[in-house]
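Welcome! Take a moment to look over the sequence and the 3D view, and then let us walk through a few spots together.

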Amino acid sequence: SPFKLNEICKDVRGLSVDEALIQLKFSEKRKAAKVADVIRNAAQNAEHNFYMDRSRLYVDELTATKGQVLKRVRFRARGKVDFVRHRYTHLTAVVKEQEWHPREQRIGTKGPLYETKQRREEQVVAYNKARQAGEPWMGN
């Protein structure tokens, strides 16, 4: 039902996608796995269709709304009847990309942060070359 799912949704709303999936993985709620699937699908769609960076995605909206209700009959003793309502729920997730962090904008082209970034990029290039050549990479 939407009531139970909304309890789970409000716990992960506003978290980054990876943090939300971790929270849901260790949740004791049974429906947390379904919510995790929806968030994972939304993140994959954002990556594939809109070329967003997975590490910057966060859960912006996560709502559970009422879907259709199937009414069924349950026959009881003495000719009585009970009605059973099978409730369905629409689960909607919207993920957005976070703005650039101020520290990342400050890196620029000078200073120790930029030099560290350059060194890491050079190491990645050297590692990829060694890997393609089939040689063991010792690191610099």
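E99 is exposed, with a relative accessible area of 68%; exposed means over 50%, buried under 20% and partly exposed in between, using a 1.4 Å probe and protein chains only. You will find E99 in the loop between β2 and α4 (102–106). Helices (H or I, at least four residues) and strands (E, at least two) are DSSP runs, numbered from the N terminus. Along the sequence E99 and L57 are 42 residues apart, yet in space their C-alpha atoms are 9.7 Å apart.

A word on the source: this is a predicted model, in which local features need pLDDT of at least 70 and side-chain atom pairs count only at pLDDT 80 or more, while totals for chains, interfaces and linings use all residues. Residues are numbered from 1 along each chain as its sequence is written, and side-chain values use heavy atoms, leaving out hydrogens and water.

L57 also leads us to S16, which touches L57 and Y58, not counting residues up to four places away in sequence; contact means heavy atoms within 4.5 Å. S16 sits in the loop between α1 and α2, and it counts as buried at 17% relative accessibility. Here are the two loop residues side by side:

Now for helix α3. Its 19 residues (32–50) reach 26 Å from first C-alpha to last, close to the 27 Å expected at 1.5 Å a residue, where the expected span is 1.5 Å times one less than the number of residues. Which residues of α3 are buried? They are A32, V35, A36, I39, A42, A43 and A46. These cover an arc of only 125 degrees around the axis, so they lie on the same side of α3; the arc is that of the directions from the helix axis to the C-beta atoms. Their cover includes α1 (2–12), α2 (17–25), β1 (57–75) and β2 (81–97). On the other side of α3, A33, K34 and H48 are exposed. Just after α3, Y51 has a positive phi of about 55 degrees.

Finally, α2 and α3 pack at an angle of about 160 degrees, with their axes 9 Å apart. Axes are lines fitted to C-alpha atoms, for helices over the stretch in contact, and angles run from 0 to 180 degrees between N-to-C directions. The contact is made by V17, A20, L21 and L24 of α2 and A32, V35, A36, I39, R40 and A43 of α3.
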